[in-house]
Amino acid sequence: LSHISEESKDAIRRKIYGGFNDHFQCEEGDDPSAFISDALLDLYVTEQDPYQQIVGDIVMTVPTANTALYTADADNSVYLYEFKHRPSWHHSKPDHVRADHGDELLFVFGAPFFDWPRNPEDPAWRLNFTEEERVLSRKVLTYWTNFVKTGDPNRRGMDTEVTRDLEKWPRYSREGQAYLQLDSDISAAHCLKARKVRLINDMLTCTTSGGLLGRTWTMTISVYPLVSVLYHGLL
């Protein structure tokens with residue numbers, strides 16, 4: 001698939017505007033659907049389900065990226081992450097699905113060390129974690145514990161060096177927009193879905209001003225990972 005047909009684009013536009021029309025910040029007389037651009041839709045051309053992926057970014061990725069940006073601008077310590085690991089218990093999920101909403105919470109709370117079944121009568125529902133997942137959970141536990149204690153996921157104590165055997169989690173800023181990808185191989189990256197975030201911000205603010213550089217849309221919902229942000233200094 002090298003493009004989304006005009007018919008499919010029109011159908012996606014109708015669905016987006018029908019589902020999120022209360023969130024468009026258009027001037028009176030503007031046609032909100034005109035801001036659902038071809039440039040945005042074309043970014044999803046290789047996705048299994050373009051509409052579902054766009055909705056996921058509207059509801060999850062963009063509010064999280066906006067929150068990280070403006071929380072960092074207020075001189076708070078912000079650490080953004082994307083959980084990318086496909087858990088071993090995803091027996092019935094399609095192959096293109098990696099992590100689902102909230103999957104990382106089992107790693108945050110050490111569930112791979114429990115190895116408990118949800119339903120002993122149904123082997124497909126057993127949470128049989130792998131050793132690789134125990135290693136990942138141990139690292140996630142350390143990041144979160146360090147952050148709670150020190151405001152820095154890389155440090156165990158205020159006067160101690162960076163925790164050994166942990167990939168460095170870069171602090172998020174407007175300039176670098178660095179974040180951590182949590183998977184079997186943990187790595188740092190930059191500018192999470194930057195073009196999609198910019199164009200979705202443009203769409204919902206009914207502008208072509210550059211998204212995060214101009215007005216920025218925020219949605220009044222609870223924002224949880226797959227993609228999420230840790231911040232310190234607001235309390």
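Helices α3 and α6 are roughly perpendicular to each other, a label used for angles of 65 to 115 degrees. Their axes come within 10 Å and cross at roughly 100°, with α3 covering residues 50–73 and α6 covering residues 194–205. Axes here are lines fitted to C-alpha atoms, for helices over the stretch in contact, and angles run from 0 to 180 degrees between N-to-C directions. Helices are DSSP runs (H or I, at least four residues), strands are E runs of at least two, and both are numbered from the N terminus.

A word on the model itself: it is predicted, so local features need pLDDT of at least 70 and side-chain atom pairs count only at pLDDT 80 or more, while totals for chains, interfaces and linings use all residues. Residues are numbered from 1 along each chain as its sequence is written, and side-chain values use heavy atoms, with hydrogens and water left out.

From α3 come Asp 57, Ile 58, Thr 61, Val 62, Ala 65 and Asn 66, and they meet Lys 196, Val 197, Ile 200, Asn 201, Met 203 and Leu 204 of α6. Seven residues of this contact are nonpolar, three are polar and two are charged.

Nine of the 12 residues in α6 are buried, where buried means under 20% relative accessible area, exposed over 50%, and partly exposed in between (1.4 Å probe, protein chains only). Among the buried ones are Lys 196, Leu 199, Asp 202 and Thr 205. The buried residues of α6 pack against α1, α2 and α3.

Follow the chain just past α6 and you reach Cys 206, which takes a positive phi of about 55°. Which partner does Cys 206 have in its disulfide? The partner is Cys 26, and the two sulfur atoms lie 1.7 Å apart, inside the 2.5 Å limit for a disulfide. The link is left-handed, with -55° about the S-S bond. It joins distant parts of the chain, 180 residues apart: Cys 26 sits in the loop between α1 and α2, and Cys 206 in the loop between α6 and β4. Cys 206 is buried at 8% relative accessible area, whereas Cys 26 is partly exposed at 23%.

How values were computed: Angles under 35 degrees count as roughly parallel, over 145 as roughly antiparallel, 65 to 115 as roughly perpendicular and the rest as oblique. Contact means heavy atoms within 4.5 Å. Ala, Val, Leu, Ile, Met, Phe, Trp, Tyr, Cys and Pro count as nonpolar, Asp, Glu, Lys and Arg as charged, and the others, Gly among them, as polar.
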